[in-house]
Amino acid sequence: LSAGSLVDAGNNATDLAIPGGQNIADTKAIVVDTTAPTITDVTSSTGDSTYGVGDTIDVTVNFSEQVTLAGGTLDVALDSGGSVSITAFGPATIASGTYTVLVTENSTDLTATSPLTLSAGTLQDAAGNDTDLTIPGGQNIADTKAIVVDTTAPTISSVTSSTGDGTYGVGDTINVTVNFDEPVTLAGGTLDVALNSGGSVSIAAFGPALSASGTYTVLATENN
């Protein structure tokens, strides 16, 4: 009592102890929840590797409690320039979408941009608390995965030779080396280097490698 008295007709003070098994929770299931749900992590079930145009990558968002998305999409922006829009779900603690790699999208270690966003609608728990869409530090895709997005075509950085300067005749051999700006693999054919002498070099399967070499053997009538 804050003050005063709680007595019966005989002026006996009331015993204010609640009997065992006779409290609200013993007969009711009333939850009071004013805590906003949070994102626990953003990850992927896709294996660590390098992915190119048209490849698909799973993006999964995990929450601290069951939430329901209604009236819009949960949008996950990625550092590759791509994004994933997850449609209505819930109540659930996990939501997933599929990222399809498009031309010009690249990332050396794919990760999501914090915070996530809603296109519209709500993402709430059972009590109507809005979800905090911030990704916790150390809990992003790149923190647990090694997914590379690469849509940039490799290029030749130079064509050179380890053979010394000099004059070469019929039967002599000359090294021809092709250098690339990133490791590449040649499969199912040869890399053919035509020379201004009229000769050529065919380089057989190799890689992954930053350079590939072949040997040019000078034939009669070939000159430069």
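This report describes the nonpolar cores and the aromatic pairs of a predicted model.

The largest nonpolar core comprises 28 residues, and Val 61, Phe 63, Leu 74, Val 76, Phe 89 and Tyr 99 have the most contacts inside it. At least two residues of this core come from each of strand 1 (39-43), strand 3 (56-70), strand 4 (74-77), strand 5 (83-86), strand 6 (89-100) and strand 9 (147-149). Strand 3 supplies the largest share, 6 residues.

Leaving aside residues up to four places away in sequence, Tyr 99 touches, among others, Ile 57, Val 59, Leu 78, Val 84, Leu 110 and Val 149. The contacts of Tyr 99 also include Asp 55, Ser 80 and Glu 105. Another core, of 12 residues, lies apart from the largest one and includes Val 176, Phe 180, Phe 206 and Val 218.

A search of the whole structure finds 2 aromatic pairs, listed below.

| Pair | Distance between ring centres | Angle between planes | Class |
|---|---|---|---|
| Phe 63 and Phe 89 | 6.0 Å | 25° | stacked |
| Phe 180 and Phe 206 | 6.1 Å | 25° | stacked |

Because Phe 63 lies in strand 3 and Phe 89 in strand 6, their pair ties together parts that are 26 residues apart in sequence. Phe 63 has 5% relative accessibility and therefore counts as buried; Phe 89, at 13%, also counts as buried.

The pair of Phe 180 and Phe 206 links distant parts of the chain, strand 11 (residues 173-186) and strand 14 (residues 206-217), with the two residues 26 apart. Phe 180 counts as buried at 13% relative accessibility, and Phe 206 counts as buried at 15%.

Notes
Residues numbered from 1 in each chain as written. Predicted model: local features only at pLDDT ≥ 70, side-chain atom pairs only at ≥ 80, totals over all residues. Heavy atoms only, no water. Core = buried A, V, L, I, M, F, W, Y, C linked by side-chain atoms within 4.5 Å. Buried < 20%, exposed > 50% of the residue type's maximum accessible area, 1.4 Å probe, protein only. Helix = DSSP H or I, 4+ residues; strand = E, 2+ residues; numbered from the N terminus. Contact = heavy atoms within 4.5 Å. Phe/Tyr/Trp six-rings, centres within 6.5 Å; stacked < 30°, edge-to-face > 60°.
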